[in-house]
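Please examine the structure shown below.

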Amino acid sequence: SPWKPVLLLLSPPAFSTTCARCAKDRRLRAKRAISERQLTRYFVDQRKVRVVGGQGGGGGHSFYSEPRKVFGGPDGGNGGDGGHVIFKADQQMKSLSSVFPFYQGSHGERGGSRNCYGANGAHVYVKVPLGTLVKEDGRVVADLTQHGEEYIAAYGGAGGKGNRFFLSNENRAPTLFTPGEPGQERVLHLELKTTAHAGLVGFPNAGKSSLLRAISRAKPAVAAYPFTTLNPHVGIVHYQDYEQVAVADIPGLIKGAHQNRGLGVAFLKHIERCRFLLYVVDLSVPQPWVQLQDLKHELEAYEKGLSERPGVVIGNKIDLAQSRINLPLLRERVAQRVIALSALTGDNLEELLSHLRELYDIYVKTEQAQGQSPVKW
């Protein structure tokens, strides 16, 4: 046949959007892994804050003039006031960790012509937890206990006067105008007087952080060396009736803590604000009842009557052989209830959660009987 097929060889395109092998990889790049320590936000109950009110806007300086009214007189308006810095109590806030060390109100705008006043600066609101004390030079200036309660920490400066303000019969064309005043500047100390319902008290490596991990979603650091936890953590224990009990992991105490040794008095204040105490004792050490005596001695030396608050003794590390031997010896020498458990394996955590709820219910009934509102999380 005179007709012969002709094969046309076409070069493939540079890339294809339909072929899976040739298509560009448009997947998003994976985010960098963040360590657990970086994700953990520890509990903060003290903050030093410098607050500055906004600068007031300067007064305007102008004269009204139009084709048929050349000498219209002064028409410079006043400047706007600077914004305040306001502390506002919010029940959603549980810690001072989100409070920054410096706040400043917005500045007021300058006065304009045609007697236009400058806009006032916006106020800066700082949300703080309920029960926040505001101190200045060691003196309490505010106690924010109710939701929505506000305290003006720093007033904004007043706006300046425009030349229209100085118009008088003696001076028909004033050129005088004043600048805005600077805002108030203060250095305040914020202190949270209510932290948690229960406080885990114990010596270093007694297993407090592991126990808090086991009963809540808090993620304090856990390691085999003393003073792993350097900052207090708060975990929330949820119950089926939607009640929430806050448990604070107080960093490990040592002998002489009331004399500011070790982590010192700063963390004894956390224990002072807890409603009931959970003494965590390592059952695997020789004579664990000596730990309990030393703990109560430190609390009593710091504040008289602190060791007599409602509480329970928790014998941790019951999964070890030596702990099973020490448990009956501890119960013979301790008058309080002893709950033996293992934070590592989760043995007998139900008994602790049940007794923790009993302590919480007693606290709520006591507060209501005295006409006070219990702290809710």
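This is a predicted model, in which local features need pLDDT of at least 70, side-chain atom pairs count only at pLDDT 80 or more, and totals for chains, interfaces and linings use all residues. Residues are numbered from 1 along each chain as its sequence is written, and side-chain values use heavy atoms, with hydrogens and water left out.

Q: Is Cys274 buried or exposed?
A: Buried means under 20% relative accessible area, exposed over 50%, and partly exposed in between (1.4 Å probe, protein chains only). Cys116, at 42%, is partly exposed. Cys274 has 0% relative accessibility and therefore counts as buried.

Q: Which residue in S6 stands opposite Leu133?
A: Strands (E, at least two residues) are DSSP runs, numbered from the N terminus, and two of them pair if DSSP finds at least two bridges between them. S5 (residues 132–136) and S6 (residues 139–144) pair in the antiparallel sense over 5 bridges. Opposite Leu133 stands Asp143.

Q: Which residue takes a positive phi in the hairpin of S5 and S6?
A: The hairpin has 2 residues between the strands. The residue with a phi near 55° is Asp137.

Q: How are H2 and H6 oriented to each other?
A: Helices are DSSP runs (H or I, at least four residues), and their axes are lines fitted to C-alpha atoms over the stretch in contact, with angles from 0 to 180 degrees between N-to-C directions. The axes of H2 (residues 208–215) and H6 (residues 349–369) come within 11 Å and cross at roughly 80°. Angles of 65 to 115 degrees count as roughly perpendicular. H2 and H6 are therefore roughly perpendicular.

Methods:
Parallel < 35°, antiparallel > 145°, perpendicular 65-115°, else oblique.
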